[in-house]
Amino acid sequence: MRIKINGKEQVIEKGLSVAELLIVNKVEMPDMVSVQLNGEFVRRGKFSQTVLKENDEIDFLYFMGGGK
Amino acid sequence: MRIKGEIVNKIFAQGEQEAPLEACGYLAGEKDRITNHFPLRNVDQSSEHFSLDPQEQFSVIRRARSEGLAILAVYHTHPASLPRPSAEDIKLAYDPNIIYVIASLLNGHQQIKAFWIIKGQVTAEELIIEE
């Protein structure tokens, strides 16, 4: 099925969860990633239970921070 | 990576305005050329730390995308230390696909450098400033 990942259309397997999509996209530290699905934040505790649907738009980004 | 000189000037202007706090934001452009600067709020409001607000990050990323730009780098200032990644910078660099730019204001000297930080390994990226 087709979805948009970070603005780019991609074909993915049906039934993938957000957690599985992050693995497919080689995200090694999902605990440090924020996800929005169709413009709404997905809580980290819900990554495994949130299943993607046709035409979903998912964006993810890494925590950004640092110090001196 | 190339960067427009005016973008570098904007980073330092923001850094001086927000000092002694660390200033931060995203840099966007196409391929290997940074052409746009998106200042972001330092949620930590600290002179020794910075972090970005995910909601603001998503907003900027979508804005850049709508302008046909890619996010190429994240930057922050070191108001009182050299432009090199600190232990905390390295520890918290989770994104292997972005360049980390550090702008130093130490003792009034403006220095800017860029790095890849992947799994704790730091590699300098040449930053060519275009006039």
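Two strands count as paired if DSSP finds at least two bridges between them. The model described here is predicted.

**Chain B: the sheet**

Chain B holds an open sheet of eight strands in the order β8-β7-β6-β5-β2-β3-β1-β9, with mixed pairing. At its edges stand β8 (121-125) and β9 (128-130) of chain B; each has a single partner strand, so one side of each is left without a neighbour in the sheet. From one strand to the next the twist averages 35°.

Strand β1 (residues 2-4) of chain B runs parallel to strand β3 (residues 33-40) of chain B, and two bridges join them. Within this pair, Arg2(B) has Arg33(B) in β3(B) as its bridge partner. Helix α2(B) packs on the sheet, where it touches β2 (24-30), β3 and β5 (70-78) of chain B. The direction of α2(B) makes about 145° with that of β3(B).

Strand β6 (residues 99-104) of chain B and strand β7 (residues 111-118) of chain B run antiparallel and are joined by five bridges. Here Tyr100(B) stands opposite Phe115(B) in β7(B). β7(B) also runs antiparallel to β8(B), again with five bridges, and Ala114(B) has Glu125(B) in β8(B) as its bridge partner.

| Hairpin | Residues between the strands | Residue with positive phi | Phi |
|---|---|---|---|
| β6(B) and β7(B) | six residues | Asn107(B) | near 55° |
| β7(B) and β8(B) | two residues | Lys119(B) | near 50° |

**Chain B: helix α1**

Helix α1 (residues 5-18) of chain B has 14 residues. From its first C-alpha to its last, α1(B) reaches 20 Å, close to the 20 Å expected at 1.5 Å a residue. Which residues of α1(B) are buried? They are Ile7(B), Val8(B), Ile11(B) and Gly15(B). These residues lie on the same side of α1(B), because they cover an arc of only 105° around the axis. The face turned away from that buried side carries the exposed residues Gly5(B) and Gln17(B).

**Chain A: the sheet**

In chain A, five strands form an open sheet in the order β2-β1-β5-β3-β4, and the pairing is mixed. The edge strands are β2 (8-11) and β4 (40-42) of chain A, each of which pairs on one side only. The twist averages 35° from one strand to the next.

Five bridges link strand β3 (residues 33-37) of chain A with strand β5 (residues 57-62) of chain A in the antiparallel sense. In this pair Val35(A) stands opposite Phe60(A) in β5(A).

**Where the chains meet**

In the contact between the chains, 14 residues of chain A touch 20 residues of chain B. On the side of chain A that touches chain B, β3, β5 and β6 (65-67) of chain A each supply at least two residues. The residues on that side of chain A divide into six nonpolar, six polar and two charged.

Helix α2 (residues 54-66) of chain B lies across β3 and β5 of chain A, running at about 120° to β5(A). As described above, α2(B) also packs on the sheet of chain B.

Strand pairing links the chains as well: β6(A) and strand β4 (residues 49-51) of chain B pair in the antiparallel sense over three bridges. In this pair Gly65(A) stands opposite Ser51(B) in β4(B).

How values were computed: Residues numbered from 1 in each chain as written. Chains lettered and ligands numbered in written order. Predicted model: local features only at pLDDT ≥ 70, side-chain atom pairs only at ≥ 80, totals over all residues. Helix = DSSP H or I, 4+ residues; strand = E, 2+ residues; numbered from the N terminus. Axes fitted to C-alpha atoms, helices over the stretch in contact; angles between N-to-C directions. Contact = placed C-beta atoms within 7 Å. Expected span 1.5 Å × (residues − 1). Buried ≥ 20, exposed ≤ 12 C-beta atoms within 10 Å, placed from the backbone. Arc of directions from axis to C-beta. Nonpolar A, V, L, I, M, F, W, Y, C, P; charged D, E, K, R; others polar.
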